[in-house]
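Q: Can you walk me through this one? I'd like to start with the annotated domain.

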Amino acid sequence: MSRRVGLFFGSFNPIHVGHLIVANTIIEFEAIDEVWFVVSPQNPFKKQSALAHEFDRIDMVEAAIADHFKMKASDVEFQMPKPSYTADTLAYLIDKHPEIDFKLIIGEDNLSHFPKWKNHEFILNQFGLIVYPRPNAKPSELTKHENVKFVKAPMMDISATFIRDNIKNERSVKYLLTDGVIEIVNAKNLYR
Ligand SMILES: Nc1ncnc2c1ncn2[C@@H]1O[C@H](COP(=O)(O)OP(=O)(O)OP(=O)(O)O)[C@@H](O)[C@H]1O
Ligand SMILES: O=C(O)c1ccc[n+]([C@@H]2O[C@H](COP(=O)([O-])O)[C@@H](O)[C@H]2O)c1
């Protein structure tokens, strides 16, 4: 059987415990062998003033997942045109790794926007989506699509926006970020 890899794309600005719990839950419950965190330099829908450099964001991802041998960080989008269109990256990855069975992992908040993504039908038909529930996600007609699989797991009301806001206001983010990520945030003076 081919290796099944869940691709978890994101800005990861910064990677937080919500992301880690999503990835770990999918490895444990969804017959996924590995999760690759694909750091996107620029989400086509998000214009963020507080977007840390992609090198710092991937350093934080690597620090956060260092002790999990089934989780990897990918900088594949760093060399691709910006903004980062997921369908283009997926096309590149299947060409490079024909032996891998890729699935796409998203949080439920992204499902209602998904029909606006570039070549979303190609993504849906070719890969399928594994969706982790998220509070306040807008309803989506894709919920019952045959290639959309919902993970049954607890919702987490945690976001990178909330964490950046805490850092800016000098509140502790202990337990929301791993200690290694906090060290990088402090050393690079991010989000202040
Ligand atoms: N708490 C969460 N529960 C479920 N999915 C999540 C959660 N946090 C992030 N995700 C998912 O992780 C992926 C990457 O998210 P992203 O890096 O934008 O984090 P975020 O917390 O949503 O960031 P921001 O607050 O800056 O928008 C997206 O698919 C998003 O839906
Ligand atoms: O390909 C698209 O059209 C598209 C539109 C919106 C978002 N995405 C990707 O979805 C991922 C999640 O984005 P984010 O910023 O919420 O972490 C990120 O990798 C984006 O590049 C992709």
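A: This is a predicted model.

Q: What does UniProt list for residues 7-165?

A: An unreviewed UniProt entry lists them as "domain: Cytidyltransferase-like".

Q: How many helices and strands are in the protein chain?

A: Six helices and six strands. Along the sequence they follow the pattern β-α-β-α-β-α-β-α-β-β-α-α. The radius of gyration is 16 Å, close to the 16 Å that the globule rule gives for 192 residues, so the protein chain is as compact as a globular protein of that length.

Q: OK, ligands. Which residues are closest to ligand 1?

A: Gly10, Gly18, Gly107, Ala160 and Thr161, out of 18 residues that surround ligand 1. Two or more shell residues come from each of α1 (17-29), β4 (100-107) and α5 (160-168).

Q: Which element gives the most to that shell around ligand 1?

A: α1, with three residues. By class, the shell around ligand 1 has seven nonpolar, nine polar and two charged residues.

Q: And what surrounds ligand 2?

A: 14 residues, the closest being Phe9, Gly10, Ser40, Asn43 and Trp117. β1 (3-10) and α3 (86-96) each supply at least two residues of this shell. Its classes are six nonpolar, six polar and two charged residues.

Q: Back to the whole chain: what share of residues counts as buried?

A: 33% of the 192 residues. Among contacts between residues at least 6 apart in sequence, 72% join residues at least 24 apart.

Methods: Residues numbered from 1 in each chain as written. Chains lettered and ligands numbered in written order. Predicted model: local features only at pLDDT ≥ 70, side-chain atom pairs only at ≥ 80, totals over all residues. Near = placed C-beta within 6 Å. Helix = DSSP H or I, 4+ residues; strand = E, 2+ residues; numbered from the N terminus. Nonpolar A, V, L, I, M, F, W, Y, C, P; charged D, E, K, R; others polar. UniProt positions renumbered as here; feature names shortened; annotations may be inferred. Rg over C-alpha atoms; globule rule 2.2 N^0.38 Å. Buried ≥ 20, exposed ≤ 12 C-beta atoms within 10 Å, placed from the backbone. Contact = placed C-beta atoms within 7 Å.
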